[in-house]
Amino acid sequence: MTSASTPEHGQLAQALADGIVQIREATTSDQLRTVVSALTGKKGPIASIKSSLGKVADIEARKELGQLVNDALAALGVATDGRSRELRAAEFSSQIESERVDMTEVAMSANVERRLGRMHLVTQAMERLEDVFIGLGFQIAEGPEVETDFYNFEALNMPPSHPARSMWDTLFVESDVDGSVVLRTHTSPVQIRVMQDWPPPIYAVMPGRVFRKETPDATHMPVFHQIEGLVIDRGITFADLAGTIESFTKAFFGPGFTSRLRPSYFPFTEPSAEFDIRRHDGTWIELGGCGMVHPHVLRAGGLDPDEWSGFAFGFGIDRMAKERHGINDIRDMYSDDVRFTEQFS
Ligand code: DAH
């Protein structure tokens with residue numbers, strides 16, 4: 001700053017000097033952003049000098065001051081960039097430090113807090129469900145995750161092109177006969193396998209992983225878990241189904257909970273229903289589907305519908321675990337982040 005000195009010259013030099021100090025003293029990126037927008041914003045010291053440029057009578061002096069304002073802004077910009085780089089580097093290292101995972105075997109050394117692994121929330125729910133059903137007299141069965149069209153659809157009373165097939169967005173597996181092998185869309189095909197393999201009476205639950213062509217969001221995952229139930233005996237009625245759902249509800253959720261059935265449609269049961277569980281606050285949570293096993297399904301399982309009758313039910317496990325632990329986004333359950341899992345012991 002060489003020539004004529006107006007009061008604005010002095011103000012500008014002061015604003016620049018103060019500004020540089022404030023920028024250097026900012027201790028976080030957020031603070032730096034606040035400082036810079038105060039300095040260079042519409043209500044800042046530089047803006048007010050700029051707006052008083054018009055009052056400088058001498059044209060040369062005005063020009064020169066205008067140039068100096070630009071130089072000051074450029075100098076503040078350079079100082080900001082430098083400080084911002086320093087702060088980001090420091091913030092990055094401290095983030096790395098705080099998220100560092102110690103891979104050394106802590107169990108071997110003394111005086112180190114032992115970090116134990118924990119069962120996945122879905123595994124915990126699955127094991128509790130199995131315990132409760134075993135307590136009610138059920139056996140556990142499992143089936144393959146890669147299924148044939150026959151077990152996943154046809155034997156469940158959905159011949160080729162049956163419109164109800166569109167209730168499940170299906171993932172297909174490459175095979176010799178196009179479309180004949182799928183990733184099972186539900187655990188219901190295990191019903192057929194159990195009927196074929198076990199002599200009746202049957203009291204079985206079948207937990208497992210299922211697959212659907214879904215885009216993940218807060219309440220959906222393309223891979224999730226269900227548990228299927230199947231009861232086959234002589235003279236089984238809808239009242240047995242309602243009673244079993246109610247006993248399960250009380251045993252699993254607690255004596256204060258109740259269930260209700262609402263009429264619905266599934267191809268493999270007739271009549272069919274959906275069942276809901278009443279939460280503590282009086283609201284209902286939709287759990288799954290159920291009904292009396294359709295005669296076509298009994299036949300596909302090798303049973304005579306005149307001799308045997310039964311009921312079936314199926315519901316999702318992930319959503320239940322999500323509800324139970326008050327998790328907002330189902331994807332968090334699959335994030336693999338210890339800080340998430342540690343909250344649920
Ligand atoms: N498989 C059905 C689904 O994935 C759920 C279901 C409904 C299972 C009714 C059943 C049943 O066993 O009887 O949506």
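Residues are numbered from 1 along each chain as its sequence is written, and because the model is predicted, local features need pLDDT of at least 70 and side-chain atom pairs count only at pLDDT 80 or more, whereas totals for chains, interfaces and linings use all residues. Side-chain values rest on heavy atoms, with hydrogens and water left out.

**The ligand**

Begin by selecting the ligand together with the 16 residues around it, among which His186, Ser188, Arg212, Gln226 and Glu228 come nearest; a residue belongs to this set if one of its heavy atoms lies within 4 Å of the ligand. Then look for polar contacts, meaning pairs of N or O atoms within 3.5 Å (within protein, one must be able to donate a hydrogen and the other to accept it, and residues adjacent in sequence count only if both atoms are side-chain atoms). In the side chain of Glu228, an N or O atom is 2.6 Å from an oxygen atom of the ligand, and in the side chain of Gln191 the corresponding distance to a ligand oxygen is 3.1 Å.

**The largest pocket**

Next, select Arg212, Gln226, Leu287, Gly288 and Gly316, which of the 37 lining residues lie nearest the centre of the largest pocket. A pocket here is an open set of points on a 1 Å grid over the protein atoms alone, where a 1.4 Å probe fits, with protein on both sides within 12 Å along at least five of seven lines, and lining residues have an atom within 4 Å of a point. The volume is about 860 Å³, taken as the space filled by probe spheres set on the points, which are joined across faces, edges and corners. Colouring by secondary structure (DSSP runs numbered from the N terminus, helices being H or I of at least four residues and strands E of at least two) shows that S5, S7, strand S8 (284–293), S9 and helix H10 (318–324) each supply at least two lining residues, while S8 gives the most, with seven.

**Salt bridges**

Which residue forms a salt bridge with Asp276? The partner is Arg260, with the closest N and O atoms 2.8 Å apart; a salt bridge is a side-chain nitrogen of Lys or Arg within 4 Å of a carboxyl oxygen of Asp or Glu. Asp276 lies in strand S7 (residues 269–278) and Arg260 in strand S6 (residues 259–266), so the pair ties together parts that are 16 residues apart in sequence. Asp276 is buried at 2% relative accessible area, whereas Arg260 is partly exposed at 33% (buried is under 20%, exposed over 50%, partly exposed in between, with a 1.4 Å probe and protein chains only).

Move on to Glu307 and Arg234, a salt bridge whose closest N and O atoms are 2.5 Å apart. Glu307 is in the loop between helix H9 (295–300) and strand S9 (309–316) and Arg234 in the loop between strand S5 (223–233) and helix H8 (238–253), so the pair ties together parts that are 73 residues apart in sequence.

**A last pair**

Finally, select Val56, in the loop between helix H3 (45–51) and helix H4 (59–98), which is buried at 6% relative accessible area. From Val56 to Pro207, C-alpha to C-alpha, the distance is 83 Å, and the two are 151 residues apart in sequence.
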